[in-house]
Amino acid sequence: MLRLALILGLLAAFGPLSIDMYLPAFPAIASDLAADPSAVQATLALFFAGLAGGQLIYGPLADRLGRRLPLLAGVVLYTVGSIGCALAADVDALVMWRLVQALGGCAGMVMSRAVIRDLFDERGSAIMLARLMLVMGAAPILAPLIGGQLLVVAGWRSIFWVLTGAGVLALVVVALALPESLPADRRRRQGVAAIGLTYLRFALDRRFIAPALAGGAAMGAMFAYIAGSPFVFIDLYGVGPGAYGWLFGTNAAGLILASQMNARLVRGRSPAAIMRMACTTQAVAGVSLAAIVATGIAPVGTATGLAMLMVPLFLCIAVNGLIMPNATAVAMSPFGARAGSAAALLGLLQFGTGAISAALVGALDDGSAWPMAAAIALMGLANAGFGWWTPRPASPATGP
């Protein structure tokens, strides 16, 4: 199980690594490629879109061909995209190769969830996903720090060469150490119409859609923080790039700690019950953050003001370690026969909501911390609503 967690954690971390590692390099990329900052921001927005939409392709392929073949193809595509980013001659090429990178990287995110559902029941999935988040959670801590150091030592292109190396490593590990988890007799061949009907049935099934949307709102709160925190921390509160990495890492450490607590909590409580309470906590913390910003009691440019923001922010991010594994386990538990498609739609909802939330922060930009705080509060309230809408009885491990 430890080996499986490490392998699947590496695959699931493609997204966080590819997002967080190059955030400190935005100004350098804009300068080197003679591009507007908004054009560099587009490389992030399109990456989000590719991560979200690409999963809908891999889900049915995983249910039809098994997990290994689509996964290997995705890792190869991710590696090629990373090389293209490292060699990009202008920002338009960087945008295109970031999309390729995202369409490859999302395969690991779909397959990691599908493999876990193949091998474990709901409670076991929640435990395994919590272990997965221990590996994944290291990415937001280490990625900005590594990216910042690579930027100083070797320039922004070195970041994408390191991501290329991660792709090659994943390709070797999957080829040699990850067996197929879906036997041939459990695979399903579906046409386009049948695939669309499968997704529609998931969307209309409260057992799936309620926890999936709860997880999506939690991801939305996370992406609002990712999109807004560089401006809030660095520009408004005067935090240096190096210190920003440590603050970012502190919140990620809270997420890791909560995810490891979850592995113990699910042994005595249902994943759905833990998810509901964590969703409520995120809503309260998000509203508190918005209230602090709206009332102006956290003075801009002061250590005291920053500390007042960090407390609710820490809670908002940390409880994702309780929300995400349990929301995923509860949503996928009834649908073992189509785990690949369920994982794909789940990923679309999570990253699609995240992309919308990040875009909302940009659209509301007024030179203050309010857009980030408002988006986090909105996602927290939605999260609580979907969490409590999730059916209380545990669903059997059967389904369409």
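In this predicted model, helix H5 (residues 68-87) and helix H6 (residues 91-119) run roughly antiparallel to each other, because their axes cross at roughly 155°, and an angle over 145 degrees counts as roughly antiparallel. The two axes come within 7 Å, and the crossing in which H5 passes H6 is left-handed. On the side of H5, the contact is made by Pro 70, Leu 71, Gly 74, Val 75, Leu 77, Tyr 78, Val 80, Gly 81, Ser 82, Gly 84 and Cys 85. These residues meet Leu 94, Trp 97, Arg 98, Val 100, Gln 101, Leu 103, Gly 104, Gly 105, Ala 107, Gly 108 and Met 111 of H6. When the residues of this contact are sorted by class, 13 are nonpolar, 8 are polar and 1 is charged.

A second pair of helices is formed by H10 (residues 206-236) and H14 (residues 320-332), which pack at an angle of about 155° with their axes 8 Å apart. H10 and H14 are therefore roughly antiparallel to each other, and their crossing is left-handed. From H10, the residues Arg 207, Phe 208, Pro 211, Ala 212, Ala 214, Gly 215, Ala 218, Met 219 and Met 222 take part in the contact, while H14 contributes Asn 320, Ile 323, Met 324, Ala 327, Val 330 and Ala 331. By class, the contact of H10 with H14 has 12 nonpolar, 2 polar and 1 charged residues.

Leaving aside residues up to four places away in sequence, Asn 383 touches Ala 214, Ala 217, Ala 218, Cys 279, Gln 282 and Ile 323. Asn 383 counts as buried because its relative accessibility is 0%, and buried means under 20% relative accessible area.

The protein as a whole has 16 helices and 0 strands, and of its 400 residues, 58% count as buried. Among the contacts between residues at least 6 apart in sequence, 86% join residues at least 24 apart.

One such case is provided by Leu 289 and Ala 373, which are 84 residues apart in sequence and yet 6.0 Å apart in space, C-alpha to C-alpha. Leu 289 is found in helix H12 (residues 271-295) and is buried, with a relative accessible area of 1%. With residues up to four places away in sequence not counted, Leu 289 touches Leu 309, Pro 312, Leu 313, Ala 373 and Ile 376.

Helix H1 (residues 2-12) has 8 of its 11 residues buried, so H1 is largely enclosed by the rest of the structure. The buried residues in H1 are Leu 4, Ala 5, Ile 7, Leu 8, Gly 9, Leu 10, Leu 11 and Ala 12.

The aromatic side chains were examined next. A pair of aromatic rings is described by the distance of the centres and the angle of the planes. The structure holds 3 aromatic pairs, and one of them is formed by Tyr 22 and Phe 160, an edge-to-face pair with 5.8 Å from centre to centre and 65° between the planes. This pair links distant parts of the chain, 138 residues apart: Tyr 22 is in the loop between helix H2 (14-20) and helix H3 (26-32), whereas Phe 160 is in helix H8 (residues 157-177). Both Tyr 22 and Phe 160 are buried. The rings of Trp 156 and Phe 160 have their centres 6.1 Å apart and their planes at 85°, so this pair is also edge-to-face. Trp 156, like Phe 160, is buried. Through these ring pairs, Tyr 22, Trp 156 and Phe 160 are linked into a cluster.

At 71% relative accessibility, Ala 34 counts as exposed, because exposed means over 50% relative accessible area.

Conventions. Residues numbered from 1 in each chain as written. Predicted model: local features only at pLDDT ≥ 70, side-chain atom pairs only at ≥ 80, totals over all residues. Heavy atoms only, no water. Axes fitted to C-alpha atoms, helices over the stretch in contact; angles between N-to-C directions. Helix = DSSP H or I, 4+ residues; strand = E, 2+ residues; numbered from the N terminus. Parallel < 35°, antiparallel > 145°, perpendicular 65-115°, else oblique. Left-handed = near helix turned anticlockwise from the far one by under 90°. Contact = heavy atoms within 4.5 Å. Nonpolar A, V, L, I, M, F, W, Y, C, P; charged D, E, K, R; others polar. Phe/Tyr/Trp six-rings, centres within 6.5 Å; stacked < 30°, edge-to-face > 60°. Buried < 20%, exposed > 50% of the residue type's maximum accessible area, 1.4 Å probe, protein only.
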